[in-house]
Amino acid sequence: MRRYFARKLLTYVVTFFVAVSIDWAIPRFMPGDPVQGLISRMQAQPEAAEALEGYYTEAFGLDVPLWKQYLNFWVALFQGDLGRSIWQFPEPVSSLILHAVPYTLALLVPAIVLSFWAGNKVGALAARRKSLDDTVLPVGYVLTATPQMWLGIVLAYLFGSVWGIFPISGAYDYSLQPAWTLEFAASFLYHWFLPFSALFLVAFGGWAIGMRNMIIYELESDYAHYLESLGAPRRLVRKYAYRNAMLPQITGLALALGAVIGGALVIEVVFTYPGLGTMTLTAIQNRDYFLLQGIFLFIIVGVLIANFIVDCAYVLVDPRTRTGMQGHR
Amino acid sequence: MTGSRKTRTGIGLGLVFAIAFAVAASLGAGGAGAAQEKALALPRSQTLYTTGTNWGPYNNLNPFMNWTYVTGTVGLVYETLFRYDPLKDKFIPWLASSGKWSGKNTYVATMRSGVTWSDGKPFTAADVKFTIDKLKIPAHPQHTLWSTGLKSVTASGNKVTFSFGARPNYQEFDNYLFNIPIVPQHIWKSYNNNTIVSGNVNDVKKLVGTGPYTYHSGINSQQTFTWQKRDGWWATKALGMDVKPRYIVDIFNGSNAASLANLLAGKIDISNNFVPGINKQVGSKIQTYYKGKPYMLPGNTAWLFPNTTRKPLDDKAFRKALAHSINVDRIVTADYGNIVTKANPTGLLPIWNKYINQSVVKKHGFSYNLNRAKTMLRAAGYRDSDGDGFVENKDGSDINLSIIVPNGWSDWMTAIQIIADSAKGAGIKITPSYPDYNTLVDDRGNGRYDLVIANDRQVSNTPWTYYDYIFRLPILKNQTTVNYQRYSNPTAWKLTQALDKTPASNQKAMKTTLSRLQQIFLQDLPAIPLWYNGVWAQWNTSQWNGWPSSQGNQVLPAMWRNYLQMTGIEMLTRLKPAAS
């Protein structure tokens, strides 16, 4: 067990190191000087521009050699300092991200967890009943093939613009401010529903199809036939099949995380949801490399942590890995 | 069996935990201050919903950072000594009740009495001196006030005296009078220099201004920011002005489609965004400043800058032929749907019409005329010798000019396609491209481009800002904000400086200098004026009436930074709730 986790951990550390280094390098090797862009936006008079250039170059820590910038970056990183935003200067990147992240998580976590749970349940059910299969299969294929952004736009158009049932932008009503009140919570859920649905439905389709196929495959396997021939009740057989089918689904979850996060980012843009996605778009539009770098770093860390959780879950769910690691026979 | 049950419980617990975490995180989104903030929904009939200024989270309350501060920081909270009405070309005494030049080199402003900061402390001349002295910090965004010849500022009683060592730059100084926000000394004296020049100063408890609004909620939000009207705004008593909305909610600029849908649905009252196709929506519910064309007030000029250090753009004859080959009317109608207007050949905004020397324009001006452009090219020695339909340089080499605008600026991207297409008619080959903004700024500043569109200078009290933009010398290695075209004309630059040193009261001298500048400009054409970008503004009348209009209520319908202290604030005092 310890060796297994040590090996996993090492992989994560190396991945983290490489990903963060790439993340650091990309903005620095992009064309264009962010400080020049800022000064241009400030509309400074030429005689002031020089003083400002020096001031801001120093403020962004760009006045030292590249290798030193890289070292400084790592030192700052471990102090929780992701630098300052260019476009929102002098706001620290970490503060900007911190204020946006709750909204993204509020979309992302329920969408991942609920779609995984519901998708697997429905997929398993579909494999059992022909009538259900005939609807789940085509609907699932359509859903999983739909780009989240497009589905978001369709939902916003139908439920927002045409029928006016749900709001099309923001995370809560413009007349409210975040607070621990029922009114805010209701408004939040009301605004949350459409973007959540867009994320949920697409992921749901994928899980349902995956589970349906896996169950059918498992039911055709030797152990299932053997159990059946022993006269085990169908429910028991299916229970075993479900557990075995779950394993590839969990692996799939780890692989799908990146895609779901990407989906959440664009969904936020569609609904002007005040999370990381909206912030990423504005950061790109304003060439705020430091903010982008911070957001990507956050996503890298998030995906790694989520993957680690999935790894742990796998050990719990699959007794074979556990016994294998512990050396029991 | 027990093993699997444990496993399932484990996963189940994990799920519960994850969901609980998500809900808690989302509800905690308001941050630490949420609990103290007023949680009730704002009453619709007393709230004005605005959008079109803030493109990022609402986290900067530094009034000197006038390209990024939260909508209304200057205008609603911090105020300026004067305001300026560009439609009437009039300075409006604001925190200063009057100001005048006493002698050539001294300006004396009298502070208004009875003005109080929102924390109850009186506003004094010492606050003004404090603010102006802080501009001496070299990295201060408004540091160049001290390059207008200013030597010292003194406060005594209710008078603030600006003493100049040399002949003052009157025009520039006038511009500062309505652009420097005055901050309270008793609060700002505790801030260090870095905070003053580039801090976000967003401790809302220390947000103390003289203006009509104070903080309500929304700091650091990426969705909305709310101002609350305060009691005891000095202008109510002194000038009978009263801002009507009790709350102003500014909404983050998100997707264009959502913003337009919210405007049409009455969830947004005024949008200061560029909305393509708004001309088709204008009626009784959705309105603009003009009822018909051009719908919007002109806010700045979009210029085409030729890089005058490159062949053949170094040749004024070629530049003039180019100007004759551009069909701006097509841009105005096809690209903008008539919400902009074609620029005067001088590039000066309509508010400066009185300065335009019509006979100079008649003699040296230009307009779209392909035959004329062809004749001019031929006369100047640019011929199509290889028969490919495009003229060549005098030495026979091919001409292929690139024209750039920032990627994503869709109206400008369409505009340069139209320019390229229309110049083709005269045999000039132009290829559009769309680098990202920082790359464009870099290339533009360092003279690595052929043609670029820019519109940095906004409507202001003086055409000097425009000529400073076009003619400023010396040319540095990096031209960050002016003279991108690297055009060197010492005579023109001297005249521009002379204009700066002419007091606005001497209109005759101003006009003489300006008409000489216009003549040089039109003869050499170091920049080609294209169209006037609008002060984009469209509003919904279902909640509020009394909006600005070309008929009667002539004030700027803008919440934009630097516009509130022109006449934007007056818009807020003239609104009426639609119900009454």
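# A tour of chains A and B

Start by selecting helix H3 (residues 125-134) of chain B, which lies across strand S6 (106-111), S7 and S8 of chain B and runs at about 160 degrees to S7(B). Helices (H or I, at least four residues) and strands (E, at least two) are DSSP runs, numbered from the N terminus. Axes are lines fitted to C-alpha atoms, for helices over the stretch in contact, and angles run from 0 to 180 degrees between N-to-C directions. Two residues are in contact if their C-beta atoms, placed from the backbone, lie within 7 Å.

The model is predicted: local features need pLDDT of at least 70, side-chain atom pairs count only at pLDDT 80 or more, and totals for chains, interfaces and linings use all residues. Residues are numbered from 1 along each chain as its sequence is written, while chains are lettered from A and ligands numbered from 1 in the order in which they are written.

Now select the strands of the open sheet S5-S6-S8-S7 in chain B, four strands with antiparallel pairing. Two strands pair if DSSP finds at least two bridges between them. Strand S5 (96-101) and strand S7 (150-156) of chain B are the edge strands, and each pairs on one side only. On average, neighbouring strands of this sheet are turned by 15 degrees against each other, direction ignored. Look at S7(B) beside strand S8 (residues 159-164) of chain B: six bridges link the two in the antiparallel sense. Ser156(B) has Lys159(B) in S8(B) as its bridge partner.

**All of chain B**

Zoom out to chain B, whose secondary structure comes to 18 helices and 23 strands. The radius of gyration (taken over C-alpha atoms) of chain B is 27 Å, close to the 25 Å that the globule rule gives for 580 residues, so chain B is as compact as a globular protein of that length. The globule rule is 2.2 Å times the number of residues to the power 0.38. Along the principal axes, the C-alpha atoms of chain B fill a box of roughly 85 × 85 × 50 Å.

How much of chain B counts as buried? Of its 580 residues, 49% do. A residue is buried if 20 or more other C-beta atoms lie within 10 Å of its own, exposed if 12 or fewer, and partly exposed in between, with C-beta atoms placed from the backbone. Among contacts in chain B with a separation of 6 or more, 70% are between residues 24 or more positions apart.

Select strand S10 (residues 213-217) of chain B and S11(B), which run antiparallel and are joined by four bridges. Tyr213(B) has Lys229(B) in S11(B) as its bridge partner. The hairpin of S10(B) and S11(B) has six residues between the strands, and Gly218(B) there takes a positive phi near 110 degrees.

**The six-stranded sheet**

Move to the open sheet S16-S20-S15-S19-S17-S18 of chain B, six strands with mixed pairing. Strand S16 (341-342) and strand S18 (430-433) of chain B stand at the edges with a single partner strand each, so one side of each is left without a neighbour in the sheet. Strand S17 (residues 401-404) of chain B and S18(B) run parallel, joined by four bridges. Ile403(B) stands opposite Pro432(B) in S18(B).

**A loop residue**

Select Asn478(B), in the loop between helix H15 (464-471) and helix H16 (490-500) of chain B. Is Asn478(B) buried or partly exposed? Asn478(B) is partly exposed, because 19 other C-beta atoms lie within 10 Å. Asn478(B) touches Gly445(B) and Asn446(B), not counting residues up to four places away in sequence. Asn478(B) and Gly445(B) are 33 residues apart in sequence, yet 4.8 Å apart in space, C-alpha to C-alpha.

**Where the chains meet**

Show both chains: the contact takes 71 residues from chain B and 68 residues from chain A. On the chain B side, H1(B) gives the largest share, twelve residues. By class, the side of chain B that touches chain A has 29 nonpolar, 35 polar and seven charged residues. Ala, Val, Leu, Ile, Met, Phe, Trp, Tyr, Cys and Pro count as nonpolar, Asp, Glu, Lys and Arg as charged, and the others, Gly among them, as polar.
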